[in-house]
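Have the model open as you read.

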Amino acid sequence: MTELKGNKHALVVIDMLNDFIGEKASLRCESGEKIVPEIRGAIDFCHENAIQVIHVQEAHRKNDADFKVRPVHAIKGTWGSQFVSELEPEEEKGDYVVQKRRHSAFSFTDFDLFLREEKIDTVVLTGVWTNVCVRSTASDALYHGYNVIALSDATASKDDDMHRSGLRDMDLFGEIMTAEDYKKAAKKKFSHNQQTV
């Protein structure tokens, strides 16, 4: 079993929004629906084990420069920018929301500030798209000095080739695990160390 790096982890749920997930999505990630149960299970595990959960939400301006290269999607305040119902943040359980307008959760947001304030040293990445927003966030996490773990069955892209490409890139500098393997390793590590994660 892989021994996990870091002393304090955060589960990061990236862009599980109406405009990416489901048949009505304007920029549908077609494999995204399949990972909802794995992410739900990971969130529940983290809530039960005092691991921070962070939801990352694309929330664009109406005339965002991002739309010069991609279709209009996830405009702030619209249905498309809202979280899918199964994965809505649970603030009463301590979930934190980071809004972004670029691929990476670190770009022009308070994500890094929050992680440092909470003394989190490891990000556990889930969500869509593996080869775009997840990978960009992973790269920036490395640049900012964090350990990176990506959950292979809790991330998705439009097709398997894109998904594998993103995982292959992240495997160069982070750990790639299944959600179940992560839960087993996290339970072993943090209960053994008797640390509050």
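Start with a pair of residues: Val 123 sits opposite Val 148 in β5. You're looking at a predicted model, where local features need pLDDT of at least 70, side-chain atom pairs count only at pLDDT 80 or more, and totals for chains, interfaces and linings use all residues. Residues are numbered from 1 along each chain as its sequence is written, and side-chain values use heavy atoms, with hydrogens and water left out.

**Around β5**

Strand β4 (residues 122-128) runs parallel to β5, joined to it by 6 bridges. On pairing, two strands count as paired if DSSP finds at least two bridges between them. Helices (H or I, at least four residues) and strands (E, at least two) are DSSP runs, numbered from the N terminus. β5 also pairs in the parallel sense with strand β6 (residues 175-177), and there Leu 151 faces Met 177.

| Pairing | Bridges | Opposite residues |
|---|---|---|
| β4 and β5 | 6 bridges | Val 123 and Val 148 |
| β5 and β6 | 3 bridges | Leu 151 and Met 177 |

How buried is strand β5 (residues 147-156)? 7 of its 10 residues are buried, so β5 is largely enclosed by the rest of the structure. Buried here means under 20% relative accessible area, with exposed over 50% and partly exposed in between (1.4 Å probe, protein chains only).

β4, helix α3 (residues 130-143) and β5 make a right-handed one, and so do β5, helix α4 (residues 160-170) and β6. Right-handed means that, with the strands pointing away from the viewer, the path from the first strand over the helix to the second runs clockwise.

**The whole sheet**

The open sheet has 6 strands in the order β3-β2-β1-β4-β5-β6, with parallel pairing. β3 (96-100) and β6 stand at the edges with a single partner strand each, so one side of each has no neighbour in the sheet. From one strand to the next, the twist averages 25°. α3 packs on the sheet, touching β1, β2, β3, β4 and β5, and its direction makes about 165° with that of β4. Contact means heavy atoms within 4.5 Å; axes are lines fitted to C-alpha atoms, for helices over the stretch in contact, and angles run from 0 to 180 degrees between N-to-C directions.

**The chain overall**

The protein chain has 5 helices and 6 strands, and 52% of its 197 residues count as buried.
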